[in-house]
Amino acid sequence: MQEYVVNRPDEGAMNRILNQNPSTATKTILRLAWQAGLLRDEIQRLTWEQVDFLDGKIVLPDRSVPLPDELSQWLWALRDGRDRRLETVVLSDRDQKPLTPQSISRLARTALDKEGQEKVRLIDLRHDFVLRQLEEHDWQYVSRITGVEAAGLNVHFAEHLETKQISTRIHREAPMQVDEFALWKLLRAEGVSPAAVTLWLTWQLGLQLEEIVALRWEQVDFRQEMIFLERDQLAMTAGISAVLRELRTQEPEAEYVLTSPRSRQPYDRTRLSKLVRAALVKAGLDDLSLRDLRMDCGFRTGGEGKIMAFVQKNHAITRNEVMELLQVSRTTAYNRLKQMVKRGKLTQVGARYYLPETVVPPERQGEVILGYLEREGFAYRQDIARILGIDASQCRPILQRMMTMGQIMQQKQKYILPPLTKEG
């Protein structure tokens, strides 16, 4: 197998080529390779319809590439000076006809050699684009705009970076949130691909990857709309049923639900995982994993209902109570509560979580307390707890903060408005 060599170009030489070379075709070719990371065939086939000046991107069949300002200005000027009937971007300077792939390589080779870049190939300009992106962005973003899978980034490009390794772990600063709109859009675009079927079965039914690769058609009962597993029998959703029915019509003789088109055998677990990861990255769902989707499924089908029932019965719930109720870790309990807060299912006040309609939200607590004191003249702590809908023990930090700000004052066990506030 030929060694994968990366020869990075000299930036000064590239700028001289782009500024001084008289050939418009050559400049366009080199800009698309170096400034957008396009492959030779992509450069040759690129049409103006694929250049989205409004949103600032080049739209390719498998990905979208952001348009740098310099490249955008160059392409805009090029388009402005062209006959609008000519759809192909890269044309011969002589006869304004599309170039062959060989001609594109020859023009690039001549320009690079003239500036002392003899070892640099057209593909190296794309490689340099990938490396520049990796120096500035995370791997998910780079994979999405270049179409290079995470494994390829690590194998071919990591050694050229200071860290010598590209971390493909998902790091989150906030709890995982499933963007359902983006996920539905991805599922529609993927149709009945192995990645789509895997995502459907994981997100809607919570299947493990091992269960998906081993799933046989004999376990799928379309009459009862059920999938039978060793551990359980699961009712198919309408979406899963539709996808599996369509897939079955395409593979009527297959034994397994997901079969590799080459070997006609079940997919390897690792290979299927890579296909799913590539689809997620392409769709911009960089930080989403199959484990996240299983957790979301479990939470939607059981966890959230248990939490809501507990809160309805006990007025509030804490993270420790969620840990015990669902038998999950402290972090998982926190993330699930945060999800419910974000979706408006719960309202957080301190360390407790309430039904939104039963409590005053934190941002209105001060306003409600001041309004009560203006009407009633004073209040005990239990009065404050009652009007806010929270436990009396939670009132202390709220009242202490308002006293520190000079909004209220304390008279023994009573809370009142300061004299100046009363006079105002």
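**Close-up 1. Packing of helices α2 and α6.** Helix axes here are lines fitted to C-alpha atoms over the stretch in contact, and the angle between them runs from 0 to 180 degrees between N-to-C directions. The model shown in this and the following views is predicted. Helix α2 (residues 24-36) packs against helix α6 (residues 122-136) with the axes 6 Å apart and at an angle of about 30 degrees. Because angles under 35 degrees count as roughly parallel, α2 and α6 are roughly parallel to each other. On the α2 side, the contact is made by I29, L30, A33, W34, Q35 and A36. These residues meet L122, L125, R126, D128, F129 and R132 of α6. By class, 8 residues of the contact between α2 and α6 are nonpolar, 1 is polar and 3 are charged.

**Close-up 2. The largest nonpolar core.** This core holds 42 residues. The members that touch the most other members are L201, V220, I227, L244 and V257. At least two core residues come from each of α9 (180-190), α10 (194-205), α11 (209-213), α12, α13 and α14 (290-314). Helix α10 gives the most, with 8 residues. Leaving aside residues up to four places away in sequence, V220 touches L215, M226, I227, M236, L244 and V257.

**Close-up 3. An open sheet of strands β7, β9 and β8.** The 3 strands lie in the order β7-β9-β8, and their pairing is antiparallel. Strands β7 (317-318) and β8 (347-349) are the edge strands, each pairing on one side only. Strand β9 (residues 352-354) is joined to β7 by 2 bridges. In one of the pairings shown, T318 has R352 of β9 as its bridge partner.

**Close-up 4. R264, a residue with positive phi.** Most residues other than glycine have a negative phi. R264, which is not a glycine, has a positive phi near 60 degrees. R264 lies in the loop that runs between α12 (238-250) and α13 (269-282). With a relative accessible area of 42%, R264 is partly exposed.

**Close-up 5. K412, in the loop between β10 and β11**. K412 is not a glycine, yet its phi is positive, at about 55 degrees. The relative accessible area of K412 is 78%, so K412 is exposed.

Definitions and conventions: Residues are numbered from 1 along each chain as its sequence is written. This is a predicted model: local features need pLDDT of at least 70, side-chain atom pairs count only at pLDDT 80 or more; totals for chains, interfaces and linings use all residues. Side-chain values use heavy atoms; hydrogens and water are left out. Two strands pair if DSSP finds at least two bridges between them. Helices (H or I, at least four residues) and strands (E, at least two) are DSSP runs, numbered from the N terminus. Buried means under 20% relative accessible area, exposed over 50%, partly exposed in between (1.4 Å probe, protein chains only). Angles under 35 degrees count as roughly parallel, over 145 as roughly antiparallel, 65 to 115 as roughly perpendicular and the rest as oblique. Contact means heavy atoms within 4.5 Å. Ala, Val, Leu, Ile, Met, Phe, Trp, Tyr, Cys and Pro count as nonpolar, Asp, Glu, Lys and Arg as charged, and the others, Gly among them, as polar. A nonpolar core is a set of buried Ala, Val, Leu, Ile, Met, Phe, Trp, Tyr and Cys residues joined through side-chain atoms within 4.5 Å.
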